Amino acid sequence: MKFFIDTGNLSQIKEAHDLGILDGVTTNPSLMAKEGIKGEAAIANHYKTICELVDGDVSAEVLSTDFATIVEEGKKLAAIHPNIVVKVPMIKDGVKAIKWFTDNGIRTNCTLVFSAGQAILAAKAGASYVSPFIGRIDDSGWDGMELIAQIRHIYDIQNYRTEILAASIRSALHITKAAEAGADVCTCPLDSILGLLKHPLTDIGLAKFLEDAKKM
Ligand code: E4P
């Protein structure tokens, strides 16, 4: 499973990259706004900086919702760097735009996916990635991980090549469960990635080894 970091924060991206396990980055308008990135030029510049930090796919989301404008916006985003993947919402014009991007060699990440039916449409349109939002499904009282397993099953029996990108990850356990359910990629906040490191027996074991090492 590939690891992406889900943030627009450059120092967090750098920290995850320095761990040596980072395969890419996803952003969304909320994450970009959190970093105070405003205006077309600043947004493009920020994506370029991220692409220069990480050698992997970087999802950049369109802000429009009609076919023609999504296509224009996506073309501009894709021109920023070869690693840009245009992130498009799961709406009617979005699906149409994903098909257009697919036919024109532009890679896409279909976002805001909450059902297997939506994931089928994304794959049929040729999306490079489909992003089911695990945490938000859990928040609404359903099991987000069941959706990952269901999409995995459908994609395997139908031979869809779209990669399943588990999104809206809230914990280290979500990452482990996404791997178990067969996600191709997991996009995670830095805290969840670092959470994978933790086990009390590792800390206790290391403290003992270091203590005993003094006797060597
Ligand atoms: C990723 O592509 C999504 O934008 C992101 O994971 C959403 O996460 P959230 O539900 O924590 O906002």
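Which residue of β4 stands opposite Glu-61? In β4, Glu-61 has Lys-87 opposite. The model shown in these views is predicted: local features need pLDDT of at least 70, side-chain atom pairs count only at pLDDT 80 or more, and totals for chains, interfaces and linings use all residues. Residues are numbered from 1 along each chain as its sequence is written.

**View A. Strand β3 pairs with β2 and with β4.** Helices (H or I, at least four residues) and strands (E, at least two) are DSSP runs, numbered from the N terminus. Two strands pair if DSSP finds at least two bridges between them. Strands β2 and β3 run parallel and are joined by three bridges; Thr-26 has Ser-59 of β3 as its bridge partner. Four bridges link β3 to β4, again in the parallel sense. Strand β3 is mostly covered, five of its five residues being buried (20 or more other C-beta atoms within 10 Å of the residue's own; exposed means 12 or fewer, partly exposed lies in between, and C-beta atoms are placed from the backbone). Asp-57, Ser-59 and Glu-61 point one way from β3, while Val-58 and Ala-60 point the other way.

**View B. Helix α3 has a buried side and a face turned away from that side.** Helix α3 comprises 14 residues (residues 40–53), and at 1.5 Å a residue it should span 20 Å; its end C-alpha atoms are 20 Å apart, which agrees. The expected span is 1.5 Å times one less than the number of residues in the helix. Ile-43, Tyr-47 and Ile-50 are buried in α3. These residues cover an arc of only 60° around the axis, so they lie on the same side of α3; the arc is that of the directions from the helix axis to the C-beta atoms. The face turned away from the buried side carries the exposed residues Ala-41, Thr-49 and Glu-52. The cover over the buried residues of α3 includes α1 (10–18), β2 (24–26), α2 (29–34), β3 (57–61), α4 (67–80) and β4 (84–89). Contact here requires the C-beta atoms of two residues, placed from the backbone, to lie within 7 Å.

**View C. Strands β5 and β6 pair in the parallel sense.** Three bridges join β5 (residues 108–113) to β6. Opposite Asn-109 stands Tyr-129 in β6. From β6 (residues 129–132), Tyr-129 and Ser-131 point one way and Val-130 and Pro-132 the other way, and all are buried.

**View D. Asn-159 and Ser-168 have a positive phi although neither is a glycine.** Asn-159, with a phi of about 60°, is found in the loop between α8 (144–158) and β7 (163–166). Asn-159 is exposed because it has 7 other C-beta atoms within 10 Å. Ser-168, with a phi of about 55°, is found in the loop between β7 and α9 (172–181). Ser-168 counts as buried because it has 23 C-beta neighbours inside 10 Å.
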